[in-house]
Amino acid sequence: MITHKLDYLEQLEAESIYIMREIAAQFEKPALLFSGGKDSITLVHLAIKAFAPMNIPFPLVHIDTGHNFPEALQFRDYLARNIGAELIVRKVEDTIKAKNLTEPKGKFASRNWLQTHTLLDTIEEFGFDACIGGARRDEEKARAKERFFSVRDEFGQWDPKLQRPELWNIYNGRINKGENVRVFPISNWTELDVWNYIKKENIQLPSIYFAHNRDVIEYDGQLIAVSDFIQIDENDTIVNKQVRYRTVGDMTCTAAVESTAETLDEVVNEITASRISERGETRIDDKVTEAAMEDRKKGGYF
C-alpha cells in the first residue's frame, strides 16, 4: 500500500481549501476581499483549486482608497478578467462625499480609517454574510487574536473577547440577522510560507514585489514612494533607489525596502534572513498608536 505524506505547504493548502469549502457550504453570500496584493492573490489561487473545474462561487471585492499603487490595480483587473471572476469595486472617495466625512490631513494622510465606512456600506449593499481576507496571525499582534471565523456584530464591530472555539477543525458560521463573519483561510501561514507557496505554484504577482528602481524619500528610516498622495517639502530629498515591497497597502502608508531580489528564489532568501515582520518594517499606519490595528478592527476594519 502506497501512502503519501503531505509536506508542510500541502498541509497548509489542504487546510485553507477545506475552509474555502466550508465558507461556500455555510454562507449564502460570501465575498473575497481582493486588493491585488500577494496574500489576496494567494487566496484567489486557493479558491480556484478548491472549486475547480467551476469558477469560484463568490465575487472579488476591492475597497479602493484612491491611494493604491498603479501596479496593484492593473494586476487586480487583469486577474479578475483572466479567471472570469466578478469584480466589485467601491471607492472610499465616493463615501467621503456621500457621508461628508473629514479626510485626514498631513504629510502621509491615510484613508485607511475611512475605508471601514466603505466596507460596511458594501457589505450592507450586497448583503454579504461572509468576507474572506488574507490576514495572517504572524503579521500583527491584533490579528494573532482572531480565529479562522471571526464574527462581527450588526455594526461591523469585533470583540476579541467573544471569539468562538474552533476545535477539531469544526467552524461555527451561525450568525444573527445583520451580523457577518470575516474568514481568514491563511491565518496559520507565515510570510515565508506564502512566498514558498507562490514559488511552488508559480503564481503570478505584480511587478512591485520584485526589485525595481523608484523615486523615494527617506522619512524616519523608511523609504516612501514619491506620489501625488504625499506632501513633499523642502526638507525632503528625492532619491532613486532599487527597492521592492514586502506588503502592498496604500502609497501613503506603505514603505519600500532596498532590495536586489528580482526572482522568487531571491525574495525567499531575503525573507528567510529577515528578523522583522513585513508590517513591522513597512506599514506606517500600524505605528500611529501601540494598538492601532486592534482599534481599527474593533471599529469595523477588516
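Me: Which is Cys 131, buried or exposed?

Reply: Buried means under 20% relative accessible area and exposed over 50%, with partly exposed in between (1.4 Å probe, protein chains only). Cys 131 counts as buried because its relative accessibility is 1%. This is a predicted model, where local features need pLDDT of at least 70, side-chain atom pairs count only at pLDDT 80 or more, and totals for chains, interfaces and linings use all residues. Residues are numbered from 1 along each chain as its sequence is written, and side-chain values use heavy atoms, without hydrogens and water.

Me: How many of the residues in strand E2 are buried?

Reply: Strands (E, at least two residues) and helices (H or I, at least four) are DSSP runs numbered from the N terminus. In E2, residues 60–64, five of the five are buried, so the strand is largely enclosed by the rest of the structure.

Me: Which way do the side chains point?

Reply: In a regular strand, side chains alternate between the two faces of the sheet. From E2, Leu 60, His 62 and Asp 64 point one way, and Val 61 and Ile 63 the other way.

Me: Which strands pair with E2?

Reply: Two strands pair if DSSP finds at least two bridges between them. E1 (residues 30–33) pairs with E2 in the parallel sense over two bridges, and Leu 32 stands opposite Leu 60. E3 (residues 87–91) also runs parallel to E2, joined by five bridges; there, Arg 90 is the bridge partner of Ile 63.
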